[in-house]
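Here is a briefing on one predicted model, written for reading beside the sequence and the coordinates.

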Amino acid sequence: SEVPGLPVPEVLACDFTRKHFDGDLLFLSFLEGQGWHQLHEQLDAGDERRLRRDLGGILRGLHTVRGKSFGYFQPGAARASTWRSAFVAMVDDVLADATRFGVNLPVAGHAIRSVIGKHESLLESVEEPALVHFDAWEGNILLAQRDGRFEISGLIDGERAIWADPVADFVSPALFGDIADDPDFLAGYAGADASPFEITAAIGARLAMYKAYLDLVIIVEAAPRGYDAAERADVLRLATEDLHRCLDRLARHPRRD
């Protein structure tokens, strides 16, 4: 919240001691607005393009916040001194959760681990941990009208946040799609005085790994969270289809030892 231009709530107070209440307490400042996904009918094509550019710039600003290690914030969660080690541990953890909660994955866990293992050396190019939201889909982006037009008023719901490769934040803004098809976002991420951010083959392969990981999380988390299977059917179908596409892309990508 101290980074200029980031529309995130301020932490007003927190208590993780559980001495006063049976749970963790986090008090945040109020942010005005509605979820972007609820407002498409009120936005024209120009609004959408402008907001996509703004979103790219906001995430670029978020990534200026740097950490000391890679991985999740939560105690006991995957964390390591290198992004390669942290990400591999994250994948192993979600595959272990699938076994723990009896989730039938659309692709065998060992096959997923094998495909990612062939390309994990690509992650060694990421040397400094950046703050990554990792859940910046339109439902977690608030819009509010200011001076007669909609602006991004909030980036919320940071439970998936990690210290990671910045391009991992290109996954959720194009959920189940391809951020390469969003030139406005990529231009906003690069900044006004730069060429649009380029999705190279190596970055594309890294993105395929991150997308596959999020697909796995979406598929597995339904069990421990007790989601209604019928209500989640479409999301699970999309995650499954996307997982297959990502694994196929990785299988075709030249291996780098």
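Residues are numbered from 1 along each chain as its sequence is written, and side-chain values use heavy atoms, with hydrogens and water left out.

**Helix pair**

- The axes (lines fitted to C-alpha atoms over the stretch in contact, with angles from 0 to 180 degrees between N-to-C directions) of helix H2 (residues 83-100) and helix H3 (residues 109-117) come within 10 Å and cross at roughly 170 degrees; helices here are DSSP runs of H or I with at least four residues, numbered from the N terminus.
- H2 and H3 are therefore roughly antiparallel to each other, a term for angles over 145 degrees.
- In the contact (heavy atoms within 4.5 Å), Phe-87, Val-88, Val-91, Asp-92 and Leu-95 of H2 meet Gly-109, Ile-112, Arg-113 and Ile-116 of H3.

**Pockets**

- The largest pocket has a volume of about 1500 Å³, where a pocket is an open set of points on a 1 Å grid over the protein atoms alone, fitting a 1.4 Å probe, with protein on both sides within 12 Å along at least five of seven lines, and the volume is the space filled by probe spheres set on the points.
- Of its 42 lining residues (an atom within 4 Å of a point), the closest to the centre are Gln-74, Gly-158, Glu-159, Arg-160 and Ala-161.
- The second largest pocket holds about 330 Å³ of space, and its 17 lining residues include Asp-135, Trp-137, Arg-160, Glu-221 and Arg-232, which lie nearest its centre.

Methods
Predicted model: local features only at pLDDT ≥ 70, side-chain atom pairs only at ≥ 80, totals over all residues. Helix = DSSP H or I, 4+ residues; strand = E, 2+ residues; numbered from the N terminus. Parallel < 35°, antiparallel > 145°, perpendicular 65-115°, else oblique.
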